[in-house]
Amino acid sequence: MDFVASRKDLLRILQYHSIADKKSPLPTLSNVLVTAKDGKVTIAVTDMYLGMRGTCDAEVATPGTMGLPAKDLFERVKVMPDGPVQIRKDADTWTAHIKAVGTKRWFDVHGLPPDDFPTLPSPDPDAQRRAIPAETLRLLLDRTHFSISDDTTRPNVNSLCLDWRGAALRAAATDGHRMSIQNVVSPNPDVSDSVLIPLAAVIELRKFVSNADGDIVAHRTRTVLFCDAGPLTFSCVLADAAFPPYEQVVPRVHIFARVARAPLVDALNAARLAAADPQKPGGVEVTVSPGTLRVMSSTAAGGAAGDEVSADYEGREIRIGLNSTRSEERRVGKECLRLCR
């Protein structure tokens with residue numbers, strides 16, 4: 001195998017190296033499969049549940065295929081100068097020589113034969129394809145992903161529900177304590193379908209969507225969801241579970257309070273300072289009454305804090321307690337802060 005490809009094109013695919021399973025007892029799962037032929041280079045990575053396949057143009061001197069350590073290859077290509085990069089397999093060993101064309105910088109990386117690399121799932125050519133604007137899918141994921149449970153023993157809530165219902169496209173997530181629902185006008189009004197995307201896949205899908213322009217083309221088999229964005233294809237095994245009947249939780253009669261975003265964000269950030277107790281996670285109490293929204297918090301270690309902002313509201317007083325801690329990026333107690341963005 002011997003080819004030359006653009007550093008930029010290679011990094012566009014290799015940035016998804018995190019899908020590779022570094023802890024797997026199978027060495028091939030920590031590798032990407034690099035295949036060069038017919039003026040193209042295809043790079044595939046999978047952990048048996050998630051997968052990414054990307055193709056870019058290349059000058060192929062010698063066709064071939066081999067496995068290369070995913071993270072090592074990404075880091076080495078990343079530090080190359082902008083321009084063409086050559087990757088050439090040693091004639092007698094499974095070692096790849098990586099060189100920035102026209103410079104003295106080079107690396108050798110030990111790879112593996114491609115025989116044991118798992119086959120990525122293939123989409124059904126007759127599957128119904130639905131185009132979703134990348135901006136729309138990004139909105140659905142950003143407004144709901146933080147409510148997904150991190151309990152992997154409960155796949156029904158360790159997933160995000162993406163639901164096509166005629167004129168509406170909806171994303172819903174819950175961990176049993178909080179719930180987030182985002183509705184948009186469906187770009188596919190003739191589609192009726194529902195899929196459960198596991199949390200691990202949602203994390204990678206958010207990255208995939210944030211780097212995409214135009215439309216994401218989604219299609220599925222019975223157990224696998226595929227998302228295409230130009231030369232990149234993301235795939236994930238769907239959760240085999242039933243999402244909770246969340247519509248039964250949503251009240252039929254809604255109560256609305258209109259508050260200016262900036263003052264509310266500022267008040268919540270201030271109250272969280274007193275709620276930050278490392279020994280006992282604190283909470284923020286939000287009280288809405290006619291004309292006023294009050295934010296308060298109190299902990300033994302952090303003391304107490306309070307603030308008020310004007311609210312356009314007429315009705316009975318409502319008091320809500322919110323978790324204010326954030327132990328991981330995806331476990332968020334900043335529900336109000338996120339929704340105010």
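# Close-up views of a predicted model

**View 1. Strands S8 and S9 pair side by side.** Strand S8 (residues 95–100) is joined to S9 by 5 bridges, and the two run antiparallel. The structure shown is a predicted model. Look for His 97: its bridge partner in S9 is Asp 108.

**View 2. The pair S8 and S9 belongs to an open sheet of 5 strands.** The order is S5-S1-S7-S8-S9, and the pairing is antiparallel. Strand S5 (59–62) and strand S9 (106–110) stand at the edges. Each has a single partner strand, so one side of each is left without a neighbour in the sheet. From one strand to the next, the twist averages 20 degrees. Helix H1 packs on this sheet. There, H1 touches strand S1 (2–6) and strand S7 (84–89). The direction of H1 makes about 90 degrees with that of S1.

**View 3. Strand S1 pairs with S7 and with S5.** S1 and S7 run antiparallel and are joined by 5 bridges. In this pair, Ala 5 has Val 85 of S7 as its bridge partner. S1 and S5 also run antiparallel, with 3 bridges joining them. Here Asp 2 stands opposite Thr 62 in S5.

**View 4. Val 101 sits in the loop between S8 and S9.** Is Val 101 buried or partly exposed? Its relative accessibility is 43%, so Val 101 counts as partly exposed. Which residues does Val 101 touch, not counting those up to four places away in sequence? They are Val 4, Pro 84, Val 85 and Gln 86. Val 101 and Ile 87 are 14 residues apart along the chain. Their C-alpha atoms are separated by 9.9 Å.

**View 5. Helices H1 and H2 cross.** Two packed helices are described by the angle between their axes and the distance between the axes. Helix H1 covers residues 7–14, and helix H2 covers residues 70–78. Their axes come within 10 Å and cross at roughly 150 degrees. Angles over 145 degrees count as roughly antiparallel. H1 and H2 are therefore roughly antiparallel to each other. The crossing of H1 past H2 is left-handed. On the H1 side, the contact is made by Arg 7, Leu 10, Leu 11 and Leu 14. On the H2 side, Leu 73, Phe 74, Val 77 and Lys 78 take part. Sorted by class, this contact has 6 nonpolar and 2 charged residues, and no polar ones.

**View 6. Leu 11 is a residue of helix H1.** Is Leu 11 buried or exposed? Its relative accessibility is 15%, so Leu 11 counts as buried. Set aside its neighbours within four places in sequence, and Leu 11 is in contact with Phe 74, Val 77 and Lys 78. In sequence, Leu 11 and Lys 78 are 67 residues apart. In space, they are 6.9 Å apart, C-alpha to C-alpha.

**View 7. Another open sheet has 4 strands.** What is the order of these strands? It is S13-S12-S11-S14, with antiparallel pairing. The edge strands are strand S13 (179–185) and strand S14 (192–198). Each of these pairs on one side only. Neighbouring strands of the sheet are turned by 15 degrees against each other on average, direction ignored. Helix H3 (residues 134–142) packs on the sheet. H3 touches strand S11 (159–165), S12 and S13. The direction of H3 makes about 165 degrees with that of S13. Helix H4 (residues 199–210) lies across S11 and S14. H4 runs at about 100 degrees to S14.

**View 8. Strand S11 pairs with S12 and with S14.** Of the 7 residues of S11, 6 are buried, so S11 is largely enclosed by the rest of the structure. S11 and S14 run antiparallel, joined by 7 bridges. S11 and S12 pair in the antiparallel sense over 5 bridges. Leu 162 takes part in both pairings. Its bridge partner in S14 is Val 195, and its bridge partner in S12 is Ala 171.

**View 9. S11 and S12 form a hairpin.** There are 2 residues between the two strands. In the turn, Gly 166 has a positive phi of about 60 degrees. Strand S12 (residues 168–174) also pairs with S13, in the antiparallel sense, over 7 bridges. There, the bridge partner of Thr 174 in S13 is Met 179.

Technical notes:
Residues are numbered from 1 along each chain as its sequence is written. This is a predicted model: local features need pLDDT of at least 70, side-chain atom pairs count only at pLDDT 80 or more; totals for chains, interfaces and linings use all residues. Side-chain values use heavy atoms; hydrogens and water are left out. Two strands pair if DSSP finds at least two bridges between them. Axes are lines fitted to C-alpha atoms, for helices over the stretch in contact, and angles run from 0 to 180 degrees between N-to-C directions. Contact means heavy atoms within 4.5 Å. Angles under 35 degrees count as roughly parallel, over 145 as roughly antiparallel, 65 to 115 as roughly perpendicular and the rest as oblique. A crossing is left-handed if the near helix is turned anticlockwise from the far one by less than a right angle, and right-handed if clockwise. Ala, Val, Leu, Ile, Met, Phe, Trp, Tyr, Cys and Pro count as nonpolar, Asp, Glu, Lys and Arg as charged, and the others, Gly among them, as polar. Buried means under 20% relative accessible area, exposed over 50%, partly exposed in between (1.4 Å probe, protein chains only).
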